Amino acid sequence: VIVDKMYDSLIADGVPIVRDVVDLGYGESIDKFMGQLGEGDLVMVFLSDKYIKSDFSMFELYEIGRNNSMEKEKVIAKILPVRVEEINMGPKTLKAYRNHWREKFAEWEENLRDGGTSEYELMRFNRVKRIQQNLGNLLGWVGDINARKLKLLEEN
(Lines give C-alpha, C1' and ligand atoms only; values in the text may rest on other atoms or scores of the structure.)
Protein backbone atom coordinates (compact mmCIF):
# COMPACT_ATOMS: atom_id res chain seq x y z
CA VAL A 1 0.00 0.00 0.00
CA ILE A 2 2.60 2.61 1.06
CA VAL A 3 5.02 1.21 -1.50
CA ASP A 4 2.41 1.68 -4.24
CA LYS A 5 1.62 5.22 -3.08
CA MET A 6 5.27 6.23 -3.00
CA TYR A 7 5.94 4.62 -6.36
CA ASP A 8 2.99 6.40 -7.98
CA SER A 9 4.00 9.72 -6.42
CA LEU A 10 7.62 9.48 -7.54
CA ILE A 11 6.67 8.38 -11.06
CA ALA A 12 4.24 11.31 -11.28
CA ASP A 13 7.13 13.60 -10.30
CA GLY A 14 9.26 12.13 -13.10
CA VAL A 15 11.72 10.29 -10.86
CA PRO A 16 13.19 7.25 -12.65
CA ILE A 17 12.47 4.18 -10.53
CA VAL A 18 13.13 0.48 -10.90
CA ARG A 19 10.64 -1.72 -9.04
CA ASP A 20 10.54 -5.49 -8.96
CA VAL A 21 6.81 -5.94 -9.60
CA VAL A 22 7.02 -3.55 -12.56
CA ASP A 23 10.48 -4.05 -14.03
CA LEU A 24 11.25 -7.71 -13.37
CA GLY A 25 10.01 -9.38 -16.52
CA TYR A 26 8.34 -12.74 -16.75
CA GLY A 27 10.95 -15.47 -16.88
CA GLU A 28 13.80 -13.19 -15.79
CA SER A 29 16.21 -14.06 -12.97
CA ILE A 30 15.22 -12.70 -9.57
CA ASP A 31 18.84 -13.05 -8.39
CA LYS A 32 20.20 -11.03 -11.27
CA PHE A 33 17.57 -8.36 -10.67
CA MET A 34 18.38 -8.21 -6.94
CA GLY A 35 22.07 -7.87 -7.77
CA GLN A 36 21.29 -4.97 -10.10
CA LEU A 37 19.18 -3.28 -7.41
CA GLY A 38 22.14 -3.59 -5.07
CA GLU A 39 24.16 -1.51 -7.55
CA GLY A 40 21.59 1.31 -7.61
CA ASP A 41 22.39 4.92 -6.83
CA LEU A 42 19.70 5.00 -4.15
CA VAL A 43 17.61 2.08 -2.91
CA MET A 44 14.38 2.53 -0.98
CA VAL A 45 14.22 0.02 1.84
CA PHE A 46 10.81 -0.56 3.43
CA LEU A 47 11.79 -1.78 6.88
CA SER A 48 9.58 -4.35 8.53
CA ASP A 49 9.88 -7.64 10.35
CA LYS A 50 8.96 -9.36 7.09
CA TYR A 51 11.77 -7.52 5.26
CA ILE A 52 14.39 -8.55 7.85
CA LYS A 53 13.29 -12.20 7.67
CA SER A 54 13.23 -12.32 3.86
CA ASP A 55 16.30 -13.75 2.16
CA PHE A 56 15.43 -11.86 -1.03
CA SER A 57 15.17 -8.50 0.76
CA MET A 58 18.17 -9.03 3.00
CA PHE A 59 20.23 -10.25 0.04
CA GLU A 60 19.43 -6.96 -1.69
CA LEU A 61 20.71 -5.13 1.42
CA TYR A 62 23.79 -7.38 1.48
CA GLU A 63 24.44 -6.57 -2.18
CA ILE A 64 24.27 -2.84 -1.41
CA GLY A 65 26.87 -3.49 1.28
CA ARG A 66 29.07 -5.63 -0.92
CA ASN A 67 28.96 -3.08 -3.74
CA ASN A 68 30.09 -0.43 -1.24
CA SER A 69 32.97 -2.36 0.35
CA MET A 70 30.82 -3.08 3.42
CA GLU A 71 31.62 0.45 4.59
CA LYS A 72 28.83 1.78 6.77
CA GLU A 73 28.87 5.40 5.59
CA LYS A 74 28.88 4.40 1.91
CA VAL A 75 26.04 1.93 2.48
CA ILE A 76 23.92 4.38 4.46
CA ALA A 77 24.33 6.95 1.68
CA LYS A 78 22.77 4.46 -0.78
CA ILE A 79 19.71 3.63 1.31
CA LEU A 80 16.48 5.61 1.65
CA PRO A 81 14.75 3.79 4.51
CA VAL A 82 11.03 3.84 5.21
CA ARG A 83 9.77 2.31 8.45
CA VAL A 84 6.69 0.30 7.62
CA GLU A 85 6.52 -0.72 11.27
CA GLU A 86 8.48 0.27 14.34
CA ILE A 87 11.20 -2.23 15.21
CA ASN A 88 13.14 -1.78 18.44
CA MET A 89 16.65 -2.97 17.61
CA GLY A 90 17.36 -3.82 21.25
CA PRO A 91 19.13 -6.96 22.47
CA LYS A 92 16.03 -9.21 22.48
CA THR A 93 15.05 -8.23 18.94
CA LEU A 94 18.59 -8.60 17.61
CA LYS A 95 18.89 -12.00 19.29
CA ALA A 96 15.59 -13.12 17.74
CA TYR A 97 16.79 -12.09 14.26
CA ARG A 98 20.16 -13.82 14.79
CA ASN A 99 18.30 -16.98 15.83
CA HIS A 100 16.01 -16.71 12.80
CA TRP A 101 18.98 -16.54 10.42
CA ARG A 102 20.90 -19.30 12.26
CA GLU A 103 17.88 -21.57 11.85
CA LYS A 104 17.51 -20.67 8.18
CA PHE A 105 21.22 -21.35 7.62
CA ALA A 106 20.99 -24.68 9.47
CA GLU A 107 18.00 -25.73 7.32
CA TRP A 108 19.90 -25.06 4.08
CA GLU A 109 23.06 -26.69 5.47
CA GLU A 110 21.06 -29.82 6.34
CA ASN A 111 19.49 -29.77 2.90
CA LEU A 112 22.96 -29.86 1.33
CA ARG A 113 24.05 -32.73 3.59
CA ASP A 114 20.95 -34.64 2.49
CA GLY A 115 22.00 -34.42 -1.15
CA GLY A 116 20.48 -31.09 -2.16
CA THR A 117 23.23 -30.04 -4.52
CA SER A 118 21.42 -28.43 -7.42
CA GLU A 119 22.78 -25.09 -8.59
CA TYR A 120 19.65 -23.41 -7.22
CA GLU A 121 20.03 -25.00 -3.79
CA LEU A 122 23.70 -24.04 -3.58
CA MET A 123 22.86 -20.47 -4.59
CA ARG A 124 20.15 -20.20 -1.91
CA PHE A 125 22.49 -21.73 0.69
CA ASN A 126 25.25 -19.25 -0.19
CA ARG A 127 22.83 -16.33 -0.07
CA VAL A 128 21.60 -17.27 3.40
CA LYS A 129 25.19 -17.91 4.50
CA ARG A 130 26.27 -14.41 3.42
CA ILE A 131 23.29 -12.84 5.18
CA GLN A 132 23.92 -14.80 8.36
CA GLN A 133 27.64 -13.96 8.34
CA ASN A 134 26.96 -10.25 7.83
CA LEU A 135 23.77 -9.95 9.87
CA GLY A 136 25.33 -7.70 12.52
CA ASN A 137 26.32 -5.13 9.89
CA LEU A 138 23.05 -5.44 7.97
CA LEU A 139 20.93 -4.88 11.08
CA GLY A 140 23.29 -2.21 12.32
CA TRP A 141 22.90 -0.24 9.10
CA VAL A 142 19.11 -0.29 9.12
CA GLY A 143 18.98 0.29 12.86
CA ASP A 144 21.24 3.34 12.69
CA ILE A 145 19.48 5.17 9.87
CA ASN A 146 17.00 7.88 10.80
CA ALA A 147 14.14 6.47 8.74
CA ARG A 148 10.99 8.40 7.93
CA LYS A 149 7.77 7.30 9.53
CA LEU A 150 4.85 6.43 7.26
CA LYS A 151 2.67 9.29 8.47
CA LEU A 152 5.27 11.91 7.55
CA LEU A 153 5.83 10.35 4.13
CA GLU A 154 2.10 10.15 3.42
CA GLU A 155 1.71 13.84 4.32
CA ASN A 156 4.47 14.74 1.86
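The following is a short chat about the structure above.

Biologist: What kind of model is this, and how are residues numbered?
Modeller: It is a predicted model, in which local features need pLDDT of at least 70 and side-chain atom pairs count only at pLDDT 80 or more, while totals for chains, interfaces and linings use all residues. Residues are numbered from 1 along each chain as its sequence is written, and side-chain values use heavy atoms, with hydrogens and water left out.

Biologist: How many helices and strands are in the chain?
Modeller: The chain has 10 helices and three strands. Helices (H or I, at least four residues) and strands (E, at least two) are DSSP runs, numbered from the N terminus. Along the sequence the pattern reads α-α-α-β-α-α-α-β-α-α-α-β-α.

Biologist: And why does the chain count as compact?
Modeller: Its radius of gyration is 16 Å, close to the 15 Å that the globule rule gives for 156 residues, so the chain is as compact as a globular protein of that length. The radius is taken over C-alpha atoms, and the rule is 2.2 Å times the number of residues to the power 0.38. Along the principal axes, the C-alpha atoms fill a box of roughly 50 × 40 × 30 Å.

Biologist: How much of the chain is buried?
Modeller: Buried residues are 36% of the 156. Buried means under 20% relative accessible area, exposed over 50%, and partly exposed in between (1.4 Å probe, protein chains only).

Biologist: Is Ile145 buried or exposed?
Modeller: Ile145 is buried, because its relative accessible area is 9%. Ile145 is in the loop between α9 (135-144) and β3 (148-149).

Biologist: Changing topic, which residues form the negative patch on the surface?
Modeller: Glu103, Glu107, Glu110 and Asp114. Patch residues have over 30% relative accessible area and no salt bridge, and like charges are joined within 9 Å. A salt bridge is a side-chain nitrogen of Lys or Arg within 4 Å of a carboxyl oxygen of Asp or Glu.

Biologist: Where is Glu107?
Modeller: Glu107 is in helix α7 (residues 91-113), and it counts as exposed because its relative accessibility is 54%.

Biologist: What about phi at Ser69?
Modeller: Ser69 has a positive phi of about 55° although it is not a glycine. Most residues other than glycine have a negative phi. Ser69 lies in the loop between α5 (55-66) and α6 (72-78).

Biologist: And what is phi at Met70?
Modeller: Met70 also has a positive phi of about 55°. Met70 is in the loop between α5 and α6, and it counts as partly exposed because its relative accessibility is 26%.

Conventions
Patch = residues over 30% accessible without salt bridge, like charges linked within 9 Å, V, L, I, M, F, W, Y side chains within 5 Å. Areas by Shrake-Rupley, 256 points an atom, 1.4 Å probe, with all protein chains shown as cover. Lys, Arg positive; Asp, Glu negative; His and termini not counted. Charge placed at Lys NZ, Arg CZ, Asp CG, Glu CD.
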